[in-house]
Amino acid sequence: MIDRLFGGGFATLFYKELLRFWKVSFQTVAAPVLTAMLYLLIFSHVLEERVQVYGTLAYTAFLVPGLVMMSILQNAFSNSSSSLIQSKVTGNIIFVLLPPISYREFYAAYVLAAIVRSVMVGVGVLAVTTFFTALHFAHPLWILTFALIGGGVMGSLGVVAGIWADKFDQLAAFQNFLIMPLTFLSGVFYSIHSLPAFWQGVSHFNPVFYMIDGFRYGFFGVSDVSPWHSFAVAFFSLLVLAALTLNFLRRGYKLRG
Amino acid sequence: MTPAIRIHQVAKRYGALQALAGIDLEVVQGEFFGLLGPNGAGKTTLISSLAGLVRPDSGSLEVMGFDVQRDYRDARQNLGVVPQEIVFDPFFSVRETLKFQSGYFGIRNNDAWIDEILANLDLTAKANANMRALSGGMKRRVMVAQALVHRPPVIVLDEPTAGVDVELRQTLWAFIRRLNQDGHTIVLTTHYLEEAESLCSRIAMLKAGRVVALDSTANLLKTQASHALRFRLAEGDVLPPDLQAKATQSGGLWVLPFVDYSEIGVLVDALSAAGCKLMDLEIGKPDLEDVFLDVMRERAA
Ligand SMILES: Nc1ncnc2c1ncn2[C@@H]1O[C@H](COP(=O)(O)OP(=O)(O)O)[C@@H](O)[C@H]1O
Ligand SMILES: [Mg+2]
């Protein structure tokens, strides 16, 4: 398998990263799908009768794309960051630092694997939610675009966090104080139009808001801001993070003393 | 011929600590080279610099003529490193580990070579065992195997036998010797000086980030330490002053160095002429341990 599919250093590293989460897919794919389903059960039960969004949209239907995107973002971050911190703490990162793998290949392998896992989780969540609500896909291309960009942004951020953190609790802090607030305060559970003006303003500085809003547009064809606007912000975030991460890797920050 | 390893003026500082203080070293292709020095001398830092794991503050390093920074792909393709610390990926089996390592070096279909390495390191029976299930010695063997998957012409082993059983040491050295005979250049660091003495044709000794001795093993044994007469004196006997100046004594045991066996007669005659009765007379051969201690003491002074 390994031999037939992949030759160079990049391909092997990418494949290894895929296998790493796939071998424990119960924790890395099934568990996040279950978590998202629990959110859906609880929130839709509590709010379905009371909340309507964009005029006529039922709350459960509104919630699904947000939950899918949240799962994508969190799992992308989790995949690259936990893989790197584990390799660093156990010391086996040395085995990918010794071979002739460029820093670009290194980056691509970790981020692409993060995207693959996040999309698998996303598809899993979508599949499960079909039991709760009928889904429609107004603009599938936008759905895919935002899923990939979101996975790429958080996969990159995971690489940065995994390289920066020396210990697991530093990584947990990164997750709790940056990733969680960014994703929760981004309109996963509500349309930001329902927020007070101040918080609406704040949300507009959160790049994750645009990823979720654009992703949701792909389903309903309605959103808080225009999908092109969201695309521009999301894509710009991706570029900035990719540049930052590649710069870390090129300098060997914390990896090559 | 291009040197297997060329190290030019390499310096590395960690805060206030000068880990490497301007190292110059060349290792010839096909050599079995020993890198010795006490803990903290900078051996691992030097090896890490060669492997691109550490970036020196100044100086340059080449593997088979390839600069480890500028031509890092070729340099790394030509280098196999067995790291000092035992590390492994608990997700994978021995064979998977070796297949991945081959893949990182861009090698597909490496099974025949992997099987050969496994056989030579007595790992065949463990090929499908998970890395977690292996003993420390077994993990060390896998690390040696990992360093060899891409058949590197230059192989560097950083204390490969530290804390490892006698059996592995012998298996390992037989294999490494054969690789050396097949033309691979070997660089070795070890704390077992007798190991270095019997394996290495040339040796560099490091202390506090400097090369303090560099010569063939034979020359080091010849020049640095000498043979010695060891003996005790009977009650009341004293050495004649000219011999006393050459000799050292601790706990009643005298050590009188000499260079050539022809001197033995002269020394013994001089002692008996002075009326000394010798007890427990032994002739000590120099070994690398003496050389090492000599060199390290000298540089401390
Ligand atoms: N990453 C590091 N940070 C700070 N000091 C280091 C680091 N790596 C090595 N050193 C120091 O550099 C010196 C040389 O270490 P090392 O190369 O491991 O020596 P050796 O391998 O000869 O025992 C030691 O004093 C060690 O503590
Ligand atoms: Mg060391």
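1. Helices (H or I, at least four residues) and strands (E, at least two) are DSSP runs, numbered from the N terminus. By that count, chain B has 11 helices and 14 strands.

2. This is a predicted model: local features need pLDDT of at least 70, side-chain atom pairs count only at pLDDT 80 or more, and totals for chains, interfaces and linings use all residues. Residues are numbered from 1 along each chain as its sequence is written, chains are lettered from A and ligands numbered from 1 in the order in which they are written, and side-chain values use heavy atoms, with hydrogens and water left out.

3. Chain B overall. Its C-alpha atoms fill a box of roughly 75 × 45 × 35 Å along the principal axes. Of the 301 residues in chain B, 51% are buried (buried means under 20% relative accessible area, exposed over 50%, partly exposed in between; 1.4 Å probe, protein chains only). Chain B exposes about 13,400 Å², and carbon and sulfur atoms supply 51% of that (Shrake-Rupley method, 1.4 Å probe; for residues, only the protein chains shown count as cover). Take the contacts (heavy atoms within 4.5 Å) in chain B between residues at least 6 apart in sequence: 70% join residues at least 24 apart.

4. Ligand 1, the shell. Residues with a heavy atom within 4 Å count as near. Around ligand 1 they include Tyr14(B), Pro38(B), Asn39(B) and Lys43(B). By class, the shell has five nonpolar, five polar and one charged residues. Here Ala, Val, Leu, Ile, Met, Phe, Trp, Tyr, Cys and Pro count as nonpolar, Asp, Glu, Lys and Arg as charged, and the others, Gly among them, as polar. Strand E2 (17–27) and helix H1 (43–51) of chain B each supply at least two shell residues. H1(B) gives the most, with three.

5. Ligand 1, polar contacts (pairs of N or O atoms within 3.5 Å; within protein, one must be able to donate a hydrogen and the other to accept it, and residues adjacent in sequence count only if both atoms are side-chain atoms). Thr45(B) places a polar side-chain atom 2.5 Å from a ligand 1 oxygen. A backbone N or O atom of Gly40(B) lies 2.7 Å from an oxygen atom of ligand 1. For Ala41(B), a polar backbone atom is 3.2 Å from a ligand 1 oxygen. Taken alone, ligand 1 exposes 560 Å², and the protein buries 61% of that.

6. The nonpolar core (buried Ala, Val, Leu, Ile, Met, Phe, Trp, Tyr and Cys residues joined through side-chain atoms within 4.5 Å). The largest has 158 residues, of which Phe106(A), Phe215(A), Met205(B) and Leu288(B) touch the most other members. Helix H4 (residues 59–90) of chain A gives the most to this core, with 15 residues. Leaving aside neighbours within four places in sequence, Met205(B) contacts residues including Leu36(B), Leu220(B), Leu288(B) and Phe292(B).

7. Helix H3 of chain B. Residues 94–104 form this helix, and nine of the 11 are buried. Among them are Val94(B), Lys99(B), Phe100(B) and Tyr104(B). Just after H3(B), Gly106(B) takes a positive phi of about 75 degrees.

8. Trp142(A) sits in helix H7 (residues 140–164). Its relative accessible area is 14%, so Trp142(A) is buried. Beyond four places in sequence, its contacts are Tyr217(A), Gly218(A), Pro227(A), Trp228(A) and Phe231(A). Thr133(A) lies in the loop between H6 (103–129) and H7 of chain A. Thr133(A) counts as buried because its relative accessibility is 13%.
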